[in-house]
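Here is a short briefing to read alongside the coordinates. Open the model in your viewer and follow the topics below.

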Amino acid sequence: IKNVTNKIMYAPLLFNSRIACKYELTKKKDLLVYLGRKDRRRCYNIFCNFKNVKNLNNTIKYAEFPYANKNSFADKKELMVHAFCVMNIYLIKHNQSGVTPDALSFGVPVIVSELDAYSEDINKFKAGIVLSEGDIDEESIKNAIYKIYANFNFYSNNAAYMFDQRFGEKSFNATWLPLIHSLLEKAKNE
């Protein structure tokens with residue numbers, strides 16, 4: 001959404017202040033998670049290859065959501081409190097994904113491509129790793145996974161901070177609350 005000054009404003013997908021990393025630090029973070037539609041245009045085939053060949057180190061486990069009968073928020077939360085990273089690598093340009101803000105809301109860093117709508121902010125906040133369009137292959141994804149795994153606390157804190165700044169309570173109070181009050185005042189005066 002662009003306001004009259006052409007500044008990009010992010011609409012909070014779900015306004016809340018849940019940041020799992022603040023209260024789930026005792027959980028083991030060993031899951032590489034793939035959220036959303038299973039599509040080769042989102043590198044699902046590479047995720048499956050990592051999972052099936054187990055060509056990452058033996059301490060990393062893999063999870064997908066939704067899966068089988070597990071598709072509730074509670075099921076997703078259980079996955080996310082064990083996640084160290086979410087793969088959300090689009091091979092096609094898109095303008096919004098709920099997967100990225102959802103991962104950030106749990107303090108989970110993301111690996112995205114520069115085609116991701118949030119790639120500039122992910123770079124700015126260091127909330128994960130952004131792959132250039134020409135670098136989307138198994139080796140570069142594997143390197144990004146290892147980098148996040150080795151520096152999880154750094155990326156996790158930045159992911160939680162980005163969520164708060166762009167989608168959470170701070171964003172809502174700074175951007176949307178004044179707009180709502182303005183619209184209510186305008187409606188009241190008409």
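What is the mean pLDDT of the chain? This is a predicted model, and its chain has a mean pLDDT of 81, with 82% of residues at 70 or more.

**Confidence along the chain**
- Strand E5, residues 128-131, has the highest confidence in the chain, at a mean of 97, whereas helix H1, residues 20-23, has the lowest, at 44.
- Residues 1-5 stay under 50 in pLDDT, and the model gives them 8 contacts beyond four places in sequence.
- Residues 12-23 also stay under 50, with 33 contacts beyond four places in sequence.

**Nonpolar cores**
- The largest nonpolar core has 25 residues, and the members that touch the most others are Val33, Met80, Val86 and Met162.
- Strands E1 (31-35), E2 (61-65), E3 (83-88) and E4 (110-113) each give two or more residues to this core, and so do helices H3 (73-80), H4 (99-105), H5 (119-125) and H7 (152-166).
- Another core, of 24 residues, lies apart from it and has Tyr34, Ile46, Tyr62 and Ile89 among its members.

**The H7 and H8 pair**
- Helix H7 packs with helix H8 (residues 169-189) at an angle of about 25°, and their axes are 4 Å apart.
- Because the angle is under 35 degrees, H7 counts as roughly parallel to H8.
- The H7 and H8 crossing is right-handed.
- On the H7 side the contact is made by Asp164, Gln165 and Arg166, and on the H8 side by Glu169, Lys170 and Ser171.

**Two residues to look at**
- Is Ser119 buried or exposed? Ser119, which sits in helix H5, has a relative accessible area of 9% and is therefore buried.
- Leaving out residues up to four places away in sequence, Ser119 touches Val112, Ser113, Glu114 and Val130.
- Asn49 belongs to helix H2, residues 44-53, and counts as partly exposed at 25% relative accessibility.
- Asn49 and Glu138 are 89 residues apart in sequence, and their C-alpha atoms are 8.9 Å apart in space.

Conventions. Residues are numbered from 1 along each chain as its sequence is written. This is a predicted model: local features need pLDDT of at least 70, side-chain atom pairs count only at pLDDT 80 or more; totals for chains, interfaces and linings use all residues. Side-chain values use heavy atoms; hydrogens and water are left out. A nonpolar core is a set of buried Ala, Val, Leu, Ile, Met, Phe, Trp, Tyr and Cys residues joined through side-chain atoms within 4.5 Å. Buried means under 20% relative accessible area, exposed over 50%, partly exposed in between (1.4 Å probe, protein chains only). pLDDT is the predictor's confidence in each residue, from 0 to 100. Contact means heavy atoms within 4.5 Å. Axes are lines fitted to C-alpha atoms, for helices over the stretch in contact, and angles run from 0 to 180 degrees between N-to-C directions. Angles under 35 degrees count as roughly parallel, over 145 as roughly antiparallel, 65 to 115 as roughly perpendicular and the rest as oblique. A crossing is left-handed if the near helix is turned anticlockwise from the far one by less than a right angle, and right-handed if clockwise.
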